[in-house]
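Please read them with the structure open.

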Amino acid sequence: MVFIEKLYKELQKPLPGKEVQMEMAAGNRIFYKEIENRKTPKEGSVLIILYPEKSEWHTVFIKRTPDNGPHSGQMAFPGGIKETTDRSLFETALREAEEEVGIDSKQITYIGKLTPLHIPVSNILVHPFVGSIPFRPILKKNKDEVAEIFEISLKSFLDKSILSFFTFDFKGNTYKAPCFVIGKYTIWGATAMMWNEFLTIYKSILGNGKE
């Protein structure tokens, strides 16, 4: 668990922040300026789940079900909007992870928090949390919200060949989006932005020693 201990310490320090998040911003940042939303955002949380499997650390992404919403069919972390019954934003992340992929929230250990990210298209201020489980969890997707569960090792993201671009249309305009492409999965948008901050910290830890 040396990696988790190092990660915990790194997450107590000043974070890489918005600068590295924006490296993966869709539309070369222009998109975010054009759809700026000045209304008070709702607050939500996502959970980056870490667990060891075959001597490597893994995480979990989900592919959302098609629902005609702004994030329909996209890759994401388990998460959602804070409810009035949630005592904290971390509790929101735990509840959503349990609802969407079936992880017992009591098994998750809090590691830290990344930089909050505002998503203008849905006007949500997302708080990314990091939690760990000492073993591979049994995952069960909520078919109403999750089309697929994608488990992958952190080291897979060290391969620079997975970095790519694709184009998408929004309200009659075409934008170019940086993304991570692994197999059939394309991770872009807010999820890629939050993940890029985590990867920056992860690479820093690897640069200072072994996992």
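1. Buried means under 20% relative accessible area, exposed means over 50%, and partly exposed lies in between, with a 1.4 Å probe and protein chains only. At 39% relative accessibility, aspartate 159 therefore counts as partly exposed. Aspartate 159 sits in the loop between strand S8 (146-153) and strand S9 (163-170). From its C-alpha to that of isoleucine 182 the distance is 10.0 Å, and the two are 23 residues apart in sequence.

2. A word on the source: this is a predicted model, in which local features need pLDDT of at least 70 and side-chain atom pairs count only at pLDDT 80 or more, while totals for chains, interfaces and linings use all residues. Residues are numbered from 1 along each chain as its sequence is written, and side-chain values use heavy atoms, with hydrogens and water left out.

3. The protein has five helices and 11 strands. These are DSSP runs, numbered from the N terminus: helices are H or I with at least four residues, strands are E with at least two. Of its 211 residues, 48% count as buried. The accessible surface comes to about 11000 Å², and carbon and sulfur atoms hold 51% of that; such areas come from the Shrake-Rupley method with a 1.4 Å probe, and for residues only the protein chains shown count as cover.

4. Contact means heavy atoms within 4.5 Å. Among contacts in the protein with a separation of 6 or more, 68% are between residues 24 or more positions apart.

5. Isoleucine 187 is a case to look at in strand S11 (residues 185-188). Is isoleucine 187 buried or exposed? Its relative accessibility is 0%, so isoleucine 187 counts as buried. Leaving aside neighbours within four places in sequence, isoleucine 187 is in contact with Phe61, Met75, Phe157, Cys179, Phe180 and Ala192. The C-alpha atoms of isoleucine 187 and methionine 75 are separated by 5.6 Å, although the two residues are 112 apart along the chain.

6. Leucine 94 belongs to helix H4 (residues 89-101). With 14% relative accessibility, leucine 94 also counts as buried. Beyond its neighbours within four places in sequence, leucine 94 is in contact with Leu47, Ser105 and Ile108. Its C-alpha atom is 8.8 Å from that of proline 78, which is 16 residues away along the chain.

7. The loop between strand S1 (42-53) and strand S2 (56-64) holds lysine 54, and serine 55 lies in the loop between S1 and S2 too. Lysine 54 has a phi near 55°, a positive value in a residue other than glycine. Serine 55 is not a glycine either, and its phi is about 65°. The relative accessible area of lysine 54 is 74%, so lysine 54 is exposed. Serine 55, at 79% relative accessibility, counts as exposed.

8. Two packed helices are described by the angle between their axes and the distance between the axes. Helix H1 (residues 2-10) and helix H5 (residues 189-207) pack at about 120°, with axes 10 Å apart. H1 and H5 are therefore oblique to each other, a class left over once angles under 35 degrees (roughly parallel), over 145 (roughly antiparallel) and 65 to 115 (roughly perpendicular) are set aside. Axes are lines fitted to C-alpha atoms, for helices over the stretch in contact, and angles run from 0 to 180 degrees between N-to-C directions.

9. Which residues of H1 and H5 meet? Phe3, Lys6, Leu7 and Glu10 in H1 meet Phe198, Ile201, Tyr202, Ser204 and Ile205 in H5.
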